[in-house]
Structure formats: C-alpha cells, structure tokens
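Welcome, and please open your viewer. We will take a short walk, selecting one piece at a time and looking at what is there.

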Amino acid sequence: MDIQQRLTAFALLGATWVLWLLVVLSVISVAVVIERTYYILASRGDIESLLHDLLALLKKGDLKGAAELLKGSKTFEARVALIGVESAESGPEAARERMAAEQQLVRLQMERNLAFLGTVGNNAPFVGLLGTVIGVIRAFHTLDETAGRVTAGLMADIGEALVATAIGILVALPAVAGFNLFQRIIRGRMARAEAMADHVIASLKSSDNGGDADRTQTD
C-alpha cells in the first residue's frame, strides 16, 4: 500500500476525531481565559493613589515607609517599584537595572499560557480545514460507491466537512480575541510599571543630588 492509499484509508475513518479535537481545544482555551482573567483582576489596584502616596514618602526620604506602602499593594506595578526602593542604597542605576529585571519577570508571569491562546487562534481554522478535506474525501468515496447517486451518506459526509470548517473558525475567534485583549492589558500594566519605576529613579536621583549639595555646603 503506497502513501496515497494509506492517506485515503485514514481519511475514510472520518473527521469525527477532528471535531472532538476542536472541542477539547475550545474547552482549554476557555479555561485559560478564565484563569488569566482572575489572575490579572486579582492584581488590580488604584495605581494613581498609590503613586501619589509613594512620591510623598520618597520626597520625605522615608524609604522604609515607601517599602511598607508598596508591600501592602497587590499590584504588579508596586512589586516593580518595591525592588527599586529596596535597592536605593545601591544607587539609582542599580535600582533601575533591578526594576528592569523585575519587569521582565512580571511580564512572563502575566503572559503565562497566552501562547496557547495565540496558537489555537492561529491554527484552529486549519484544523477545521483538515476535517473539511477528510469529509470531502469521504464524500467522493461515497459518490464513487453509489455510482454518482446522491444518498443520505453522501450528504452526511458533506455536512461533516462544512461543520468542521465552521467549528474551526468558532474556536479560533474567541482565542484570538482573548489573546489580543490580554496583550493589550499587559502592555498597559507594563507601561504603568515603567512609569512608576521612572518616578522612583527620579526621586532617588533627587535625594542623591540633595545629599551631595548638603555635603558641599558643609565642606
């Protein structure tokens, strides 16, 4: 049996397994969307109020109070800023580098499992198309067996082929929408974390400059 005969024999088994595969992918995609939604919502907070209070403490040079304030926040933005505040004694540049590293870790955590959504969104239509091809092959085989007569079996094979394509598209659309939505949210969160990190660095540099000025006057 050559490769073409083997593929034909495989196609004649039907596209039911393709439909079930799409259903499984859809269920997993929904689970990922729910889990990511809960994870991101659980880390929300009033960033503007937090930043206002943080800058007030940094302006007074109260690093301990600033650290306690940030530890009390469940946001990713506060987590990044906390690394900078705790690294204040090492200097602004060291604090910036450590906050940049923490931002990368935060991004990885927020993007966890999103690659699966992107993969399903990009490939589910092709999986559905595979089911369509299998259904068409079976339809032609049925047509050959019935000498060109339209039978219930032929119509069932054609219907299965069309349903496979439709389900592939239906599975892909929510996955793509969820992936794009989460990516937009993550970009916004990372932008706010970057802004808060810049405020921390600016405050640390201001404190250093103030300390240098005081030492100059003393000398």
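## Stop one: where H4 passes H5

Select H4 and H5 to begin: H4 passes H5 in a left-handed crossing, a term used when the near helix is turned anticlockwise from the far one by less than a right angle, with clockwise giving right-handed. This is a predicted model, in which local features need pLDDT of at least 70, side-chain atom pairs count only at pLDDT 80 or more, and totals for chains, interfaces and linings use all residues. Residues are numbered from 1 along each chain as its sequence is written, and side-chain values use heavy atoms, with hydrogens and water left out.

Helix H4 covers residues 63–71 and helix H5 covers residues 76–86. Their axes come within 9 Å and cross at roughly 160 degrees; axes are lines fitted to C-alpha atoms, for helices over the stretch in contact, and angles run from 0 to 180 degrees between N-to-C directions. That makes H4 roughly antiparallel to H5 (angles over 145 degrees count as roughly antiparallel, under 35 as roughly parallel, 65 to 115 as roughly perpendicular and the rest as oblique).

Now show the side chains. On the H4 side you will find Leu 63, Ala 66, Ala 67, Leu 70 and Lys 71, which meet Ala 78, Ala 81, Leu 82, Val 85 and Glu 86 of H5; contact means heavy atoms within 4.5 Å. By class, this contact has eight nonpolar, no polar and two charged residues (Ala, Val, Leu, Ile, Met, Phe, Trp, Tyr, Cys and Pro count as nonpolar, Asp, Glu, Lys and Arg as charged, and the others, Gly among them, as polar).

Keep H5 selected. How many of its eleven residues are buried? Eight are, so H5 is mostly covered; buried means under 20% relative accessible area, exposed over 50% and partly exposed in between, with a 1.4 Å probe and protein chains only. Among the buried residues of H5 are Phe 76, Glu 77 and Gly 84.

## Stop two: H3 against H4

Next, select helix H3, residues 47–59. H3 and H4 pack at an angle of about 165 degrees, with their axes 8 Å apart. That makes H3 roughly antiparallel to H4, and the crossing of H3 and H4 is left-handed. Leu 50, Asp 53, Leu 54, Leu 57 and Leu 58 in H3 meet Leu 63, Gly 65, Ala 66, Leu 69 and Leu 70 in H4. Sorted by class, the residues of this contact are eight nonpolar, one polar and one charged.

## Stop three: single residues

Pick Ser 87, in the loop between H5 and H6. Ser 87 is buried, with a relative accessible area of 5%. Beyond its neighbours within four places in sequence, Ser 87 is in contact with Ala 95 and Arg 98.

Move on to Asn 113, in the loop between helix H6 (92–110) and helix H7 (114–145). Asn 113 has a positive phi of about 75 degrees, although it is not a glycine.

Inside helix H7, select Gly 131, which is buried with a relative accessible area of 0%.

## Last stop: the whole protein

Zoom out to see eight helices and zero strands; these are DSSP runs (H or I, at least four residues, for helices; E, at least two, for strands), numbered from the N terminus. Buried residues make up 37% of the 219 residues.
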